[in-house]
Amino acid sequence: MPLIKIDDREIEVEKGITVLQAATAEGIEIPYYCYHPALSIVGSCRMCLVEIEGMPKLQVSCNTSIGELPPERKKDGKYDMIVRTQTEIVKRERENVLEFLLLNHPLDCPVCDQAGECFLQDYSYKYGRAHSRFLEEKRVRKNEYLGSNVIINHNRCIMCTRCVRFTREISGTNELFVQARGDNSKISIFEDKSLDNLLAGNVIDICPVGALLSTDYIHKNRFWNLEEKKSICTDCSVGCNILVYSQNNRIFRINARENHSVNGYFICDIGRYGFHRYEDAEKVTSPLIRSDGGFKPISWEGALKEIYEQFSRSKDGEKHQIVGIASPFHTNESLFMFGRLMDNIFKDKSIIGKLPFIEDYEIHFDSGFRISKDRSPNRQGLLDFCLNLEDEILQKVKTGKVRLCYALDDGVDRKLDEEWESFFKSQRFLVVQTYAMTPLAKLAHLILPGPSPMEREGTMTNDQGRIQWLKPSVSLTNKTRPDWEIIMEFMNTVGKRELKYSSVNEVNLEMGERFPSYRGMTFFKIGYQGLPKKNIATSRPSEGGQAGNTVT
Amino acid sequence: MATVVKSYEPTFRDKLYIPALFQGLMLTFKHMFKKKVTIQYPDEKHVPPEGYRGLHRLNKYPDGRIRCVACEMCAAACPAHCIHIVPEPSPWEEGKERYPVRFDIDLLRCIFCGFCEMACPEKAIELTEIYDFADYSREGLWIDKAGLLEIYELTKTQNYYTVPNDE
């Protein structure tokens, strides 16, 4: 392992990594624009210049790899490389490079969406000179649409070519290229193409300046107004890590979050712009009961009383009187509670089913990024926690016998086919737990308001068996309550239990107690990056179904 | 050690009280012949000096377009957090690409420090000399974009208080 010295620090590094990578890993800041860990190295911005002993000129640290010297040629007797990042000459050259980058860059930070998270701003402030010596007219070009969601502002572009490399290496769609040479060069798009691939939104993320802009977010807000929350995407079963930016409980944009075990550095456009679905949906914010063809608000106590009345009409010893419809869109904690409700409280009277999974085409990119065909975030969790899941519930259940049908709604993506619609329509009493007026909710007799995917909290298990923590990005509104809490109230009312979980963490602990593969998967353990599920065969919890020693 | 302060012993002249009384009245009478400082407020209005920081206004270009680009620098600089802006891409083809659809100032919160004026890169927000804008409701002291532009029309050519009063 080569031993190098950066400024006054000795670092032992792996052979072959670059100076920039070594410095960043050690926490030494070297400014850069064109380098991106997921993309190939071009060294075009020249911002990361450093002084290396023995080399006549300054070197671009992003493209200088570290090798091992023979013992007799080591610097100072032991180092393979001596790098200086803070000398006078380095500072002067950074200043000069910045001056070149800013030659044609407009001073329009007040109207630029990148302002506040712009590296050009930060480094100009830190390393640049305060005044421009450029007296000539700045080059002005018009904004252009690159695709339906991406606009380019040519004036702000610093030609780092991150976006070009992205379309070549990550999405593999090759839409962008550098047109012309020298100071005429600009990012351009091939005539017969448009930047509309499913990863197109990432070029906005990776642009270090405000040149690439999203039509979805352009001129909507300022960066410093936004609150950043770390969460995971719930639009397919990959479970990409995301950053959700919101202000006053309204989501403004979603960006990718780095997680090498799941999504790398990028997310797809389905997840990036998907949050608008929840905004557009007609929200349910209070328990609603059907009356005279419409719905009228009812208190939580009233709703629970209604459920108890319906339940008390069920007879002992008869099968399939209570139908539970579980959903792969819910967190592990609420599915765990749901399974508990059905198996331990309703016992033999109950049957758990599910609607057909929402599936779409599976997409693979050459870079390894994938979008799963399973468009529900937690199919694995559903299979883990609802152990007696019945696949052919429509055939098994005679609707005439069913007293109570309790359905966890999948949300705005769920469309009902005729068979299922008639099944739900024929129910004597249908309770739907949802956040919006979905087709299923419209058939309900009683609607319980739960959180939307952006308000949920708990763990999700992705299709690789990785448990990740879904953090709420906006807070619950009005009379809505967390899913697990609604099911807990259900259990307390119908099963006469006295469960008093005060937070999702307590449910999570209880879940770990009963399901060994989820043991200890608390937020403090799995953190923001998630952990793979323990490889323990899931069996039905031993005490399940037994009277006396069941849940409490 | 405590110091003993001898209390003031009034003299005979002090005990008469009459000289002191006239001394006070002299001052009163002197002011009767001086220039009066009282302003008969609703009929007469005080004209504030240049640089007075009163009600805000939003400036326009000569062609009538709003100068503001909704950069929210004023809102960021505001120590009272009283400026609320909703930006949007501008509807016009040429010129500024961003403008405010809503620009609200909560005058009850505003402390009239003038930081917004200083922060503005477009010289769009300014404080005028208007000081009498009291209202009976809280809602009345929430000034919106239309209101701020109206203030500009009122104050763009002359001092608000030098205009002859119609009533």
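In chain A, residues 24 or more positions apart account for 67% of the contacts with a separation of 6 or more. Keep in mind that this is a predicted model.

**Exercise 1. Describe chain A as a whole: its box, its helices and strands, and its buried share.**

Solution. 
- Step 1: start with the outline. Along the principal axes, the C-alpha atoms of chain A fill a box of roughly 90 × 55 × 35 Å.
- Step 2: count the elements. Chain A has 16 helices and 26 strands.
- Step 3: look at burial. Of its 552 residues, 42% count as buried.

**Exercise 2. Work out the strand order of the open five-strand sheet in chain A, and find its edge strands.**

Solution. 
- Step 1: walk across the sheet. The order is S2-S1-S5-S3-S4 (chain A), and the pairing is mixed.
- Step 2: check the ends. Strand S2 (9–12) and strand S4 (59–60) of chain A each pair on one side only, so to speak the edges of the sheet.
- Step 3: go through the pairs. S1(A) and S2(A) are antiparallel, with four bridges. S1(A) also pairs with strand S5 (residues 81–84) of chain A, this time in the parallel sense over three bridges. S3(A) and S5(A) run antiparallel and are joined by two bridges. Finally, strand S3 (residues 49–52) of chain A pairs with S4(A) in the antiparallel sense, over two bridges.
- Step 4: recall what holds such pairs. Strands of a sheet pair through backbone hydrogen bonds, either parallel or antiparallel.

**Exercise 3. Check the span of helix H14 (residues 483–494) of chain A, then see what surrounds its buried residues.**

Solution. 
- Step 1: do the sum. At 1.5 Å a residue, the 12 residues of H14(A) should span 16 Å. The end C-alpha atoms are 17 Å apart, which agrees.
- Step 2: list the buried residues. Among them are Trp484(A), Ile487(A), Met488(A) and Met491(A).
- Step 3: look for the cover. This includes helix H8 (300–312), helix H9 (332–346), strand S22 (430–434), strand S23 (446–449) and helix H15 (504–514) of chain A.
- Step 4: look past the end. H14(A) is followed by Lys496(A), whose phi is positive, near 55°.

**Exercise 4. Locate the largest nonpolar core, and say which residues have the most contacts inside it.**

Solution. 
- Step 1: the largest nonpolar core has 72 residues, and Tyr32(A), Cys48(A) and Leu212(A) have the most contacts inside it. Helix H1 (residues 19–26) of chain A gives the most to this core, with four residues.
- Step 2: a second, separate core has 59 residues, including Leu288(A) and Met488(A).
- Step 3: pick Leu212(A). Leaving aside neighbours within four places in sequence, its contacts include Val150(A), Ile152(A) and Cys163(A).

**Exercise 5. Move to chain B: why do the buried residues of H5(B) line one face of the helix?**

Solution. 
- Step 1: in helix H5 (residues 145–155) of chain B, Leu148(B), Ile151(B) and Thr155(B) are buried.
- Step 2: down the axis of H5(B), the buried residues fall within an arc of 50°, so they line one face.
- Step 3: on the other side of H5(B), Ala146(B) and Glu153(B) are exposed.

How values were computed:
Residues are numbered from 1 along each chain as its sequence is written. Chains are lettered from A and ligands numbered from 1 in the order in which they are written. This is a predicted model: local features need pLDDT of at least 70, side-chain atom pairs count only at pLDDT 80 or more; totals for chains, interfaces and linings use all residues. A residue is buried if 20 or more other C-beta atoms lie within 10 Å of its own, exposed if 12 or fewer, and partly exposed in between; C-beta atoms are placed from the backbone. The arc is that of the directions from the helix axis to the C-beta atoms. A nonpolar core is a set of buried Ala, Val, Leu, Ile, Met, Phe, Trp, Tyr and Cys residues joined through C-beta atoms within 7 Å. Two residues are in contact if their C-beta atoms, placed from the backbone, lie within 7 Å. The expected span of a helix is 1.5 Å times one less than its number of residues. Two strands pair if DSSP finds at least two bridges between them.
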